[in-house]
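Thanks for coming. I will go through one structure, a few local details to begin with and then the contacts.

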Amino acid sequence: MFLPPGRSPLAAGATIPLSFVAAGLVAAVLATGWVAFVPGTLALPYLHMHVVALAHAWLLGAMLTITFGAVYQLLPVLANTGFRGAAAAWIHLVLHLVGAATMVFSFLAGRMELVAAGGALVGIGVMLFAINVGDTLRRAHCLDPVLVAFGAAAAWLLVTVAAGLSIALNLHYGWWSLDVLALLRAHAHAGVAGFFVTLLQGAMFRLVPMFTLAEVRDLRGAAASIALSQLGLLLLGPGFVWSNVFLIFSGTALLLGSFLVSGIALHRILQTRKKRHFEPGLRGFFLGLFFLSVAAIGGATLAFGVGTLEAALAYGVVAVLGGVLATIEGMLCKIVPFLVWMRVYGPRVGRRPTPVAGSLGRAAAERFWLRLHAVSVVLLAIGIVFSHLAVLAVGAVLFAAGQCALLVSLASSARHLWRPATPGAVAVSPRPKPAL
Amino acid sequence: MKPSIDPEEVWKTLSTIPDPEFGVGIVDLGLIYDVRVEGACIHVAMTLTTPSCPAGSMIFSGVKAALEAMPGVEEAKVELVWEPRWTTDMITAAGREHLGWAPAG
């Protein structure tokens, strides 16, 4: 139940999750710079190598790296097992960063054999990650739907990497005749919907109640939504590979159903919350869920063959930058200050005044990020659909400004690692304004 | 003869320890179930919002440290209990107000 004394709830003293997060943020800065300075990349056809490279810079370089760090920290806590496998996690970090960077630059150079080499490094890292997840789940006292979702997400990630490697190798060697576009769709959906959405669907039923002091009376809603999404994904994959409209439509309908069930279950949980106001991080998380729902509806329309190539790219941008990125960054606003607090101020509890974890960041900067992110994703989508470069450029600049604001807040939290607040400067318990 | 320890002082000391996420004192969160004073020894039964609370071990050791720093205290025995299970209904009116809800009445 409760970790025995001497066993820290932090993965390697938080150095592993924080290192993954820091590396992911560096990738996010570079990818943001790319969007801001070359917004025209988003006006290219979505199979253009520059678009593929940008997508991998975001998904592999930034989002996946950050998510790995979060899972290494979060999963052992949720499973009450304690973290194990620090050496493998460090090797994973190195393999992932080298592999992801190799892939992005090789896409730009059109060198598919090097893409495959980078993908192999990423793949070995993903295997280490999957083994760690499996080991943690094996040691858990009981497997609830949330923990099962973590396992399923790891499995989808393995599928994604295998599919991606197959595509890269086949493009270079031409071993067998394949519909590359169909495989790419399967690869992209296994990664974005299979890994990220499955993970989100599981984790949110633990994280949101934790951050809002809400009651989770049972996990039936979580179980139903995860089961629906997994069934939908199992139909979508073969549907894309064989270009089978019935399977694609059925899979999309099940995914939409799973979103609806998740939304209803989350709404019920939030109704029991004892913390009235949502902080910007949680609002960002909800914004991401909203964009993911919009993308799911857009995806359903595209499944019917309605829409242009531009609409397909806009769908991807809304799902990835609007949906997945906002949920990850929203949670970062909560997780980074908490990890810093645990490392710096946790040992001081009861001995000296300690600040509240949420006060380590900058709420105003996070609110700024949230607004800019919402507006910029809409502008980027409009700019892509109508191939309007000026709108794209404005959206890109606003997006970059939002990312900068978020970085300011995260840096403000991280600063406490080196410069902790002195006891006299600690605001022990800021009291929010009560609702009337 | 050593001065006896006032249980009210023990509660006051415990109330200075905030939950790191919400800033509400652990007393107002309803995490302290029982306080008993026996001579120079304090017995506290407490819980956590969830067994997987990541800050649990730090709050637990912080409670012990804060109590043992009180004048006249020789030992603080802190017991972590899971029955009854903590629910959000255990948050006091002051705690709810701190969390952004209007005072009752």
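Pro84(B) sits in the loop between strand 3 (75-80) and helix 3 (93-98) of chain B; helices (H or I, at least four residues) and strands (E, at least two) are DSSP runs, numbered from the N terminus. The peptide bond leading from Glu83(B) into Pro84(B) is cis, with omega near -5°.

Some conventions before I continue. This is a predicted model, in which local features need pLDDT of at least 70, side-chain atom pairs count only at pLDDT 80 or more, and totals for chains, interfaces and linings use all residues. Residues are numbered from 1 along each chain as its sequence is written, chains are lettered from A and ligands numbered from 1 in the order in which they are written, and side-chain values use heavy atoms, with hydrogens and water left out.

Phi of Ser243(A) is near 50°, which is positive although the residue is not glycine.

Next, helix packing. Helix 2 (residues 49-78) and helix 3 (residues 86-109) of chain A pack at about 170°, their axes 8 Å apart. Axes are lines fitted to C-alpha atoms, for helices over the stretch in contact, and angles run from 0 to 180 degrees between N-to-C directions. The two helices of chain A are therefore roughly antiparallel, the term for angles over 145 degrees.

Now the interface. How many residues of chain A are in contact with chain B? The count is 38, in contact with 38 of chain B. The two chains bury about 3,300 Å² between them, 65% of it on carbon and sulfur atoms; buried area is the accessible area (1.4 Å probe) lost on putting two parts together, summed over both.

Two salt bridges cross this interface, a salt bridge being a side-chain nitrogen of Lys or Arg within 4 Å of a carboxyl oxygen of Asp or Glu. Lys274(A) and Asp89(B) meet in a salt bridge at 3.8 Å, N to O.

Over all chains, the structure holds 14 salt bridges. Arg138(A) and Asp135(A) form one at 2.7 Å, N to O. Because they are three residues apart in helix 4 (residues 112-139) of chain A, Arg138(A) and Asp135(A) are separated by about one helical turn.

Key: Parallel < 35°, antiparallel > 145°, perpendicular 65-115°, else oblique. Contact = heavy atoms within 4.5 Å.
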